[in-house]
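Good morning, and thank you for coming. I shall take you through one structure today, moving from its strands to its helices and then to its ligand.

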Amino acid sequence: YVTGKAEESDMEVVATEEEAAVLKKVPEGSKDAVVLKNLYLSCDPYMRSRMTKHDPPSYNPDFVPGEVITGFGVSKVVDSTHPNFKVGDLVWGTTGWEEYTLITNPLILFKINHPDMPLSYYTGILGMPGFTAYVGFHEIASPKKGEYVFISAAAGAVGQLVGQFAKILGCYVVGAAGSDEKVGLLKSKFGFDDAFNYKKEPDLSLALKRCFPEGIDIYFENVGGAMLEAVLDNMRLHGRISACGMISQYNLLEPEGIRNIVQIIPKRIRMEGFIVSDHFANYRKFEETAVQYIKEGKITYVEDIAEGLEKAPSALIGLFEGKNVGKQVVVVSHG
Ligand code: NDP
């Protein structure tokens with residue numbers, strides 16, 4: 001198990017001794033099982049938490065040291081004894097960080113209804129992170145047209161989409177990101193009204209005052225720590241904080257305290273955490289909306305592609321160093 005900062009060396013890429021023909025077949029007598037050929041893997045910040053030993057257990061099971069990492073991905077069904085999946089189906093959901101994965105009793109596995117879209121989009125805009133952005137903004141933050149919205153980790157998989165959903169609704173949108181390149185993308189590609197590089201701001205609270213002279217109605221929280229403190233100083237009465245993630249805390253041995261959390265009382269702020277998988281029953285409706293947005297050119301989307309399974313460890317660790325520009329995807333196979 002990992003304590004403190006996760007490193008590339010906490011993961012190992014190994015060759016299997018089993019023959020390809022065996023790997024591609026559901027074992028004799030195994031019911032409701034599929035073998036997936038993995039095409040694209042999704043690097044997601046929550047995976048860091050699965051490297052830690054949890055007692056009591058977390059909502060997501062801990063990785064077992066020495067076993068194959070699991071996560072979200074896009075795959076093709078190459079063998080099946082499951083009534084809902086047939087050979088050749090394209091799917092997204094939980095799979096292994098390997099070339100072929102046997103899944104018995106798949107719990108999170110969606111058939112891809114729009115194979116005409118770039119398939120890697122099902123690791124992002126059309127998959128878990130896209131749905132996270134949608135649920136976290138529209139359902140948790142209760143947004144209204146014209147409201148002032150702030151997003152941290154704004155150029156990432158979730159953040160870039162939250163900003164665009166908020167613009168579609170008619171909000172004023174500002175994002176923070178960790179490089180000038182990302183800030184440029186927020187303003188020029190994703191249509192944010194304003195953006196700043198938080199690493200260059202000596203005082204985050206002042207930076208937010210500059211961007212929101214009248215205060216913030218909605219904070220889409222991806223980062224936590226010092227950014228949350230600065231936001232609390234700038235929230236308006238009856239503001240809402242959609243607590244999606246706090247990536248600045250995931251590598252720490254102890255989470256940081258929030259010095260001014262008391263402000264949520266006089267400002268009547270509602271801060272609500274959520275886990276996207278609780279909402280998967282509504283995923284299909286979102287898929288149709290997002291595909292429509294893409295086809296109409298209402299939304300653009302940026303991915304950061306790492307080629308080859310052997311790049312997966314560095315791609316995952318890169319999330320915690322801000323190396324990814326857009327959604328971090330790993331290509332295992334192009335088809
Ligand atoms: P991103 O694509 O945004 O990648 C992570 C980004 O976080 C990095 O690129 C970096 O951007 C920023 N970052 C990393 N370390 C720090 C730090 N110490 N302080 C500030 N920023 C940091 O990831 P996702 O879009 O996939 O995820 C965004 C958030 O959403 C995460 O917190 C994640 O845990 C959460 N999440 C929650 C879900 C839920 O169900 N609640 C589901 C999916 C995601 P930069 O260069 O700007 O620093």
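Phe 150 stands opposite Val 174 in β7. The strands concerned are β6 (residues 148-151) and β7 (residues 172-177), which run parallel and are joined by four bridges. Strands here are DSSP runs of E with at least two residues, helices are runs of H or I with at least four, and both are numbered from the N terminus. Two strands count as paired if DSSP finds at least two bridges between them.

A word on the source: this is a predicted model, in which local features need pLDDT of at least 70 and side-chain atom pairs count only at pLDDT 80 or more, while totals for chains, interfaces and linings use all residues. Residues are numbered from 1 along each chain as its sequence is written.

Let us turn to the whole sheet. This open sheet has six strands in the order β8-β7-β6-β9-β10-β11, with parallel pairing. β8 (194-197) and β11 (270-273) stand at the edges with a single partner strand each, so one side of each is left without a neighbour in the sheet. On average, neighbouring strands are turned by 15 degrees against each other, direction ignored.

Helix α3 (residues 128-140) packs on this sheet, where it touches β9 (216-221), β10 (235-243) and β11. Contact means that the C-beta atoms of two residues, placed from the backbone, lie within 7 Å. The direction of α3 makes about 150 degrees with that of β10; axes are lines fitted to C-alpha atoms, for helices over the stretch in contact, and angles run from 0 to 180 degrees between N-to-C directions. Helix α5 (residues 180-188) lies across β7 and β8, running at about 175 degrees to β8.

How do α6 and α7 pack, and at what angle? Helix α6 (residues 204-211) and helix α7 (residues 226-234) pack at about 45 degrees, with their axes 8 Å apart. That angle makes α6 oblique to α7, the term for angles that are not under 35 degrees (roughly parallel), over 145 (roughly antiparallel) or 65 to 115 (roughly perpendicular).

Finally, the ligand. It is surrounded by 30 residues, the closest being Gly 156, Val 158, Gly 178, Gly 245 and Gly 322; a residue is near if its C-beta atom, placed from the backbone, lies within 6 Å. The largest share of this shell, three residues, comes from α4.
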